[in-house]
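Subject: Handover of a structure, with findings

Dear colleague,

Please find below the structure that I am passing on to you. My notes on it follow directly after.

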Amino acid sequence: MQRHERLEQDVKYALSNIIMNEVKEPSVTGLISVTDVNITPDQKYAKVYVSVFGKTNKNKVIEALTKAKGFIKKELGRRVRMRNMPELIFELDNSMEYGEHMDRVIKDVMEKDNQNK
């Protein structure tokens, strides 16, 4: 594994741990998963993709994480050694919901196809 990819994986693991165990924002509730981290080659920015499961307001969770960015960055600096500590950009990852939607569409098409036979 290349050095940059390993760094992204280390940051992903550390962020998952920080968000699940140490962020005390009331809006950060439910099951929250860091699905991916993309760090620019110059390490100035890191896009953090987050999935939120359950009935929680997903946009409120992203806002709360953005609000707690300073704390999260400080904790990340303690856990992962980096040349530069990147600016964290939290993005909502909708790939799980999209996958579920596609499963429903495929199932509906197959049911209609079976009814037409």
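I begin with a pair of residues in two strands: Val 37 has Val 48, in strand E2, as its bridge partner. Please bear in mind throughout that this is a predicted model. Strands E1 and E2 pair in the antiparallel sense, and eight bridges join them. Five residues lie between the two strands of this hairpin, and Gln 43 takes a positive phi near 60° there.

Next comes helix H2, which spans residues 58-67 and has Val 61, Ile 62, Ala 64 and Leu 65 as its buried residues. Viewed down the helix axis, these buried residues fall within an arc of 160°, and therefore they line one face of H2. The face turned away from that buried side carries Asn 59, Glu 63 and Lys 67, which are exposed.

Is Glu 75 buried or exposed? Glu 75 has a relative accessible area of 8%, and because buried means under 20%, this residue counts as buried. Leaving aside residues up to four places away in sequence, Glu 75 touches Ile 18 and Glu 22.

Lys 73, in turn, has a relative accessibility of 23% and so counts as partly exposed. With residues up to four places away in sequence again set aside, Lys 73 touches Met 85, Pro 86, Glu 87 and Leu 88. Lys 73 and Leu 15 are 58 residues apart along the chain, yet their C-alpha atoms are separated by 9.0 Å.

With kind regards

How values were computed:
Residues numbered from 1 in each chain as written. Predicted model: local features only at pLDDT ≥ 70, side-chain atom pairs only at ≥ 80, totals over all residues. Heavy atoms only, no water. Buried < 20%, exposed > 50% of the residue type's maximum accessible area, 1.4 Å probe, protein only. Helix = DSSP H or I, 4+ residues; strand = E, 2+ residues; numbered from the N terminus. Arc of directions from axis to C-beta. Pairing = 2+ DSSP bridges. Contact = heavy atoms within 4.5 Å.
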